Amino acid sequence: MLNGDGNMSSKVTERALNLIKSMPRVALNNIKPLPHTAFKKKTDRRGDRKKKGRGDKGQGARGTWDPLGYEGRQNPLIDTSPRERYYAQYAVRRQYPPVSLLDLQRLIDLNRVNTSRPVDITSICNTGLFKFDISKNHFGVNLTDEGCDQFAAKINAEVQWTSELVIAAIEKNGGTITTRYYDPQSLAALYDPLAFFKKGHPIPKCKLPPQDALLYYSDPNNRGYLADPEKVLEAREKLAQKYGYKLPDLEGDPFKEMLLMRKDPLQIFFGLEPGWIVNLRDKSVLKPKDDDYLRYYHSAQ
Amino acid sequence: MAVSLTKSFAGLCIQAGNAIRSISHTQISCEGGILQLYRSFSALQIKGLENGNRESEWLSKSNLHTSSACMTTPELKEWREHRIIDRFYRLPWGGWIRTRGGRRKGLYKKVPRHRWQLQQHIFCNYHQNKLLDTLVAPKWKEPKYFADSPYEPYFQRTNSYWQPNNKKFYP
């Protein structure tokens with residue numbers, strides 16, 4: 001009997017211990033103040049008073065304040081200052097949220113961005129530190145020149161907007177840069193590729209830039225993706241002369257293949273063509289072969 | 001008394017459909033039109049008439065006669081002062097800029113120095129900044145990143161303790 005009892009008690013203690021182990025631990029997120037500490041004696045009896053703390057008579061007591069912007073019969077500022085269309089065509093204008101070279105250098109140093117692959121908008125979004133929204137007309141990233149002296153990485157960058165100084169800072173280190181336009185539908189896929197592939201839609205083809213952006217993206221000085229590659233090489237040398245640095249040789253570079261990787265103007269992901277469907281469940285890529293389908297996805301119109 | 005009340009309620013029903021919906025504990029659908037609302041209100045009144053005192057209680061508790069400041073219109077559109085967006089520009093740090101009045105009037109009788117002065121865009125003062133912030137929707141307070149904006153040099157403050165220019169560099 002004793003042994004039996006001992007077994008029983010050990011079982012009970014075991015079960016109790018297991019129960020305690022499975023229960024949530026006491027932590028900051030599940031502790032509460034004791035009930036008697038939560039009660040607070042009412043000391044502020046302002047609400048019971050006659051005039052509710054609004055003083056005696058006047059606009060404050062009666063709640064008849066002047067409308068906002070009213071300046072006591074004087075013509076208000078809103079009316080006297082002349083019209084200036086600061087926000088003209090706000091709904092149409094493209095916005096490029098900035099990411100500085102200093103930020104990019106920091107991402108590279110912390111291994112948040114892989115420099116053995118081309119650095120594009122997706123790799124910046126995948127860090128989770130920058131947010132873009134197509135509903136706010138964010139058309140990609142503007143790489144700004146802050147920290148251009150500290151920047152010391154050899155990368156193949158693909159951004160949506162840059163300045164001349166940034167191009168010089170990247171090419172001085174032996175890297176390459178292109179400016180690339182994406183339409184909002186493609187950007188939605190690029191900002192969050194996982195969410196896009198989960199939908200099971202075919203990869204969209206990228207549209208050509210609108211008329212007012214066409215000049216920028218076909219300019220070799222901006223390293224536009226629609227510019228002539230030979231003229232881009234010329235512009236590289238001219239820029240090196242202007243800023244007075246020696247252009248590192250691309251031909252003898254061991255990473256030449258990676259540095260010269262470019263997407264097709266219709267393509268939005270490296271290694272994936274427009275019209276393909278990525279199946280995440282079966283880990284396969286569906287490549288339709290219908291002629292009409294191919295004609296649509298391989299033509300610019 | 002009751003008849004006059006029902007009449008006044010029917011009048012209110014046309015204007016304040018939203019307010020009435022919030023009063024009644026059961027959801028009254030507005031699709032049935034004014035007639036249905038009127039019926040529901042007459043039913044409410046009959047309940048109130050059973051006790052003479054409760055009618056006055058109900059009236060005192062109702063929020064029919066109060067008005068509150070709303071962020072939206074009855075059609076759930078955000079209030080927006082169009083005049084401000086047409087005339088002022090908000091910098092990301094909370095300052096507003098504007099143009100000067102009279103910059104196109106009677107220029108022939110103004111000296112060149114004055115004419116030049118009128119073309120300048122100037123900052124609003126502290127109180128005007130606060131006022132303008134209250135009069136626009138939150139959408140306009142978000143920073144805007146238009147490419148090649150002429151106001152970009154003014155996006156950052158210099159020599160300001162509260163808006164430090166250089167970000168802290170954490171590892």
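This is a predicted model: local features need pLDDT of at least 70, side-chain atom pairs count only at pLDDT 80 or more; totals for chains, interfaces and linings use all residues.
The expected span of a helix is 1.5 Å times one less than its number of residues, and by that rule the 15 residues of H11(A) should span 21 Å, which agrees with the 21 Å that separates its end C-alpha atoms.

**Chain A as a whole**

- The secondary structure of chain A comes to 13 helices and seven strands.
- Along its principal axes, the C-alpha trace of chain A spans about 95 × 80 × 50 Å.
- The radius of gyration of chain A is 31 Å, whereas a compact globule of 301 residues would have one near 19 Å.

**Helices H7 and H11 of chain A**

- Two packed helices are described by the angle between their axes and the distance between the axes.
- In chain A, the axes of helix H7 (residues 164–172) and helix H11 (residues 229–243) come within 10 Å and cross at roughly 95°.
- Angles of 65 to 115 degrees count as roughly perpendicular, and H7(A) and H11(A) are therefore roughly perpendicular to each other.
- On the H7(A) side the contact is made by A:Ile167, A:Ala168 and A:Glu171, while H11(A) contributes A:Arg236, A:Leu239 and A:Tyr243.
- Sorted by class, the residues in this contact of H7(A) with H11(A) are four nonpolar and two charged, with no polar residue.
- After H11(A) comes A:Gly244, which has a positive phi, near 75°.

**The sheet in chain B**

- Chain B holds an open sheet of three strands, in the order E1-E2-E3, whose pairing is antiparallel.
- Strand E1 (89–90) and strand E3 (122–123) of chain B are the edge strands, each of them pairing on one side only.
- Strand E2 (residues 96–98) of chain B pairs with E3(B) in the antiparallel sense, over two bridges, and B:Ile97 has B:Phe123 in E3(B) as its bridge partner.

**Where chain B touches chain A**

- The contact between the chains brings together 18 residues of chain B and 20 residues of chain A.
- On the side of chain B that touches chain A, the elements that give two or more residues are helix H5 (82–87) and helix H7 (126–135) of chain B.
- H5(B) gives the most to that side of chain B, with five residues.
- By class, the residues on the side of chain B that touches chain A divide into eight nonpolar, four polar and six charged.

Terms used: Residues are numbered from 1 along each chain as its sequence is written. Chains are lettered from A and ligands numbered from 1 in the order in which they are written. Two residues are in contact if their C-beta atoms, placed from the backbone, lie within 7 Å. Helices (H or I, at least four residues) and strands (E, at least two) are DSSP runs, numbered from the N terminus. Ala, Val, Leu, Ile, Met, Phe, Trp, Tyr, Cys and Pro count as nonpolar, Asp, Glu, Lys and Arg as charged, and the others, Gly among them, as polar. Two strands pair if DSSP finds at least two bridges between them. Axes are lines fitted to C-alpha atoms, for helices over the stretch in contact, and angles run from 0 to 180 degrees between N-to-C directions. Angles under 35 degrees count as roughly parallel, over 145 as roughly antiparallel, 65 to 115 as roughly perpendicular and the rest as oblique. The radius of gyration is taken over C-alpha atoms; the globule rule is 2.2 Å times the number of residues to the power 0.38.
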